[in-house]
Amino acid sequence: MIQPASPALPLSEQLRQHRIFGLLPDAARHRLTDTMEVHAMGPGEALDGADTAHPELHWLLSGAVTLLDEQGQPVVTLQPGELFSLQAAGTTGVRSAQARTASELVSMDSALLEELRGETPALGYLLRHLEHESTSSRGAAEVGSADPALNLMTTPVRSIIRREPITLPPQTSIREAAQIMSEQRVSSVLIVEQGLLFGLVTDRDLRNRVIAAGLDTARPLIDIATLAPMTIDVQSPAFDALLLMARHNIHHVPVLDGQRIVGMITATDLTEQHSTSAVYLAGDIYKQGSVEGLQQASGKIKRLQQSLAAAEASAYSTGHIITAITDAITSRLLQLGEARFGPAPVDYVWVAAGSQARSEQTAKSDQDNCMVLDDSYDEALHGAYFKSLSQFVCDGLNACGYVYCPGEMMAMTDTWRQPRRRWVDYFARWTAQPDPKALMLTCVFFDLRAVHGQSALLDGLRRDVLERTQGNTIFLAHMVGNALTHTPPLGLFKGISTARSGEHKGTIDLKHNGVVPIVDLARVYALAGGDAAVNTHDRLLSAAAGGAISEQSARDLRDALEFMAFIRIQHQARQIAQGIPPDNHLDPAEISNLERTQLKDAFTVVQSLQSVLGQRYRL
């Protein structure tokens, strides 16, 4: 039996200190405290969703609890501070929670939480975990079981380690290592000496570097190892491991606790839905030998977004996953281009701009990119090569669904394919004479991230730009004025205002009137503070840390961004399911009354902070 117990600290104080519950007004927080039930669970005891008449949100105060699915299989092990809810009988998903150690948790009534969610938008995001509508009733695609890799933002790496790592000394023979891998039924081993990780050998290495090459299997294992492999910390979210694998096309990542080796995770530990997993999709992309092959592989991106939406993955994680696939396609096109035209005659870096640079892409994205060339570039000697390479890549991206930028802000345009010294001149001119075009170009090209090539060419350029903008009040005032051209769609009496005419009459543009105003605000904070972050969420964190904005305001903006981007992704998933090309124009009738209220609250937050910034930087 689960017996009531008292927490170490008063619940009221724990709620006050909580990142989300602490945002509730004092009176609301006291109401919630009065209705909470505290439970103690002994090792092995379970809490079943079928035992609860109404859905509840559970908050783990101490111990460790493993969530189990409807077949009784473990899904994830939670640590203190994490929140979860359970599905009732007859549904799929997390059915019960079993204590691994002596544990203490709090149960909160969903009816009261629903009532209180109107008092703070952030609580609404948390409560999505209690919404048990089916995928089809939400209008999302009927995509079958969701990829478990898509909910990894809150899953710690430590919870997906399946077994102790298999470690061998460097001088172990290749033959002996292969025998051990076969006996232990593992696809990789770690090379370790004096407790330190030196290398990694996978079954693929045995095939490609030994069997195919006819190598003597008596040679030491270190001869075929990947030295200093990429690793991940045991405390990191499992999503970070997925992203690492997707970006670098790897399938095995050693897990470390400091310098101590604690395990190995593989792509199959993260997901079993190989066809739409970011890891396997990226791997498939790197195997393609033609633009046609890449075009076919990129067709799975919309299905990937559908799966993300069905799993209710956060907009933050969705943006990073979708962008990782775009990066993979771009890198593979550059590799194919270099195979066709030959090695680059001078160093270069291919640079993503806009939403790709910020890792905020969705299935509907156009191209924003450029090239920074080494200053040894000579137009007469090297111009034709880079023109051909950039044209090949931009054409390939267009074929893969990333349509040409309407403003031609692409590397295939001569203006945006220049040596580093010319880029320095560009930014110097834009910041010194911030006319409307210069401001627009700064917005596009300040959000830059290296995708392929010599990233050092971009690093120095970004530092130069930040030195010019930090404290430059005249330039910043012009940037703020430009940012205020994108305003939330609120009417005179703070109601949501839809388009009155045109093709999208009766809709809201979630991108240009929702997400973009927050992106613009965060960019101004970054330019003013000399912050090198590119992702909007990260920029808001830095702005709060640097004092440019209060912690509360930064949190409100991050929550507003997450909510609007989430609604946008869900809207696009519904369109994809209906065979409609995804767009950013939402009919408010698509969402619930509660979501419309939250959307209005998010718009109000943005409008308020735009006003504050406008007062701060006046021309």
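Contact here means heavy atoms within 4.5 Å. The structure is a predicted model in which local features need pLDDT of at least 70 and side-chain atom pairs count only at pLDDT 80 or more, while totals for chains, interfaces and linings use all residues. Residues are numbered from 1 along each chain as its sequence is written, and side-chain values use heavy atoms, with hydrogens and water left out.

**Aromatic cluster and nonpolar core**

Apart from neighbours within four places in sequence, phenylalanine 445 contacts Asn369, Cys370, Met409, Trp416, Trp423, Phe427 and Trp430. Ring pairs join Trp416, Trp423, Tyr426, Phe427, Trp430 and Phe445 into a cluster. Rings of Phe, Tyr and Trp (its six-membered ring) pair if their centres lie within 6.5 Å; planes under 30 degrees apart count as stacked, over 60 as edge-to-face and the rest as tilted. The whole structure contains 14 aromatic pairs, and two of them are set out below.

| Pair | Centre distance | Plane angle | Class |
|---|---|---|---|
| Tryptophan 423 and tyrosine 426 | 5.3 Å | 80° | edge-to-face |
| Tryptophan 430 and phenylalanine 445 | 6.1 Å | 20° | stacked |

The second pair links distant parts of the chain, with tryptophan 430 in helix α15 and phenylalanine 445 in helix α16 (residues 436-446), 15 residues apart. Helices (H or I, at least four residues) and strands (E, at least two) are DSSP runs, numbered from the N terminus. Tryptophan 423 and tyrosine 426 are separated by about one helical turn, because they stand 3 residues apart in helix α15 (residues 420-432).

Buried means under 20% relative accessible area, exposed over 50%, and partly exposed in between (1.4 Å probe, protein chains only). Tryptophan 423 is buried at 0%, and tyrosine 426 is buried at 6%. Tryptophan 430 and phenylalanine 445 are both buried.

A nonpolar core is a set of buried Ala, Val, Leu, Ile, Met, Phe, Trp, Tyr and Cys residues joined through side-chain atoms within 4.5 Å. The largest such core has 130 residues, of which Trp423, Phe445 and Leu557 touch the most other members. Helix α21 (residues 551-577) gives the most to this core, contributing 11 residues. A second, separate core of 16 residues includes Ala28, Leu57, Leu113 and Leu116.

**Histidine 58**

Histidine 58 lies in strand β4 (residues 56-62) and counts as buried because its relative accessibility is 2%. Its side chain makes a polar contact (a pair of N or O atoms within 3.5 Å; within protein, one must be able to donate a hydrogen and the other to accept it, and residues adjacent in sequence count only if both atoms are side-chain atoms) with the side chain of serine 107, at 2.9 Å.
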